[in-house]
Every structure is written in C-alpha cells, then in structure tokens.
Amino acid sequence: MVKKTLHNKHFFNEIKTRISNLSADSGKKWGKMNAAQMLHHCDLVLQIPLQKIELQKINYIFRVIGIITKKEMHIFNNGIPHNMPTFQKLIVNFECNFKETQNNLLKTLDLYWDTFEKQCLPKEHILFGTMKEKDWGFLEYKHLDHHLKQFNV
C-alpha cells in the first residue's frame, strides 16, 4: 500500500495538476463550500506548517483524539471523513475569486515545498501533537486529496 505524501515530488506535482484541472463550476459530491472556497480553505490549512497561521489552543480531550487520529491514519492509510468539523480560523463561508484562490494555493504549495526542503516544518501541531516531516507530508497530502475528491478531481 503506497502512502502518498507531499514530500514526494511525483505526488506533489499530482496535487498541483489536480488543482490546476479544477474549475470554478466543478460540481461537488458533499459539503457547503464551492470550489473557490475550498481552495482558500486548503491554502489556509497549508499556512499552518508555514507558521503564518496559529491555531487556538484546544481542549485536552480533543488533542488526544487528534493524536490518535493521526496514528490511525498512518496505520490504515485512510482518508478524512466527509463534513468533519474544523478550526474556526479555517472556515471559509464567504465568496472568493476562483482564479485568485487557485493561484494562491499553487504558490503556497511551492512555499510549502521550499519549507520542507529547508527542513523548517514545525515540530508540533495544536491538534495532532508532535509532528515529524513524514507526518506533515502525509497529512497535508490527505487533506488536499480529500477536498480535490470532493470536487471530482
């Protein structure tokens, strides 16, 4: 079973191609966001390992659940369930310009790759606890893949 990661150039480029293939009117399979909102949401999530967005502290129980979820995803290589709750800072419920958000996400992905290559990814995540490079690459790939599947790309 292959574990896809943003830290593999092939899978990284696959994600960028899928983002480029998305259109403003791509139909969704689930959720409330349109394609532009989803792209903006994904951009915000990638801002976390770039340390441009800091998430608020969470309840200890949620942190334990997050750590267990991270381990479970690694073991079973499973995806993210539909309609999962997210941090308030990462909710996009306002209109976004599709082309602008698409370009911004592609630029943010390149910044992410540079940060990874420089070995400057954070060692901690508010929800998932201690993070190694492999955790960031795996979980960020899973998150992007989840939302791209949401819009059939």
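Helix α5 provides the largest share of the lining of the largest pocket, namely 7 residues. The model discussed here is a predicted one. In this model the largest pocket holds about 1200 Å³ of space, and of the 40 residues that line the largest pocket, those closest to its centre are Ile80, Met84, Pro85, Thr86 and Phe87. At least two residues of the lining come from each of α2, α3 (60-76) and α5 (133-150).

Helix α2, which contributes to that lining, also packs against another helix: α2 (residues 35-47) and α4 (residues 98-117) meet at an angle of about 25°, with their axes 9 Å apart. Because angles under 35 degrees count as roughly parallel, α2 is described as roughly parallel to α4. The crossing in which α2 passes α4 is left-handed. On the α2 side the contact is made by Ala35, Ala36, Leu39, His40, Cys42, Asp43, Leu46 and Gln47, while α4 brings Phe98, Thr101, Gln102, Asn104, Leu105, Thr108, Leu109 and Tyr112 to the contact.

Conventions. Residues numbered from 1 in each chain as written. Predicted model: local features only at pLDDT ≥ 70, side-chain atom pairs only at ≥ 80, totals over all residues. Heavy atoms only, no water. Axes fitted to C-alpha atoms, helices over the stretch in contact; angles between N-to-C directions. Helix = DSSP H or I, 4+ residues; strand = E, 2+ residues; numbered from the N terminus. Parallel < 35°, antiparallel > 145°, perpendicular 65-115°, else oblique. Left-handed = near helix turned anticlockwise from the far one by under 90°. Contact = heavy atoms within 4.5 Å. 1 Å grid on protein atoms, 1.4 Å probe; cavity = no way out; pocket = protein on both sides within 12 Å on 5 of 7 lines; lining within 4 Å. Points joined across faces, edges and corners; volume = space filled by probe spheres on them.
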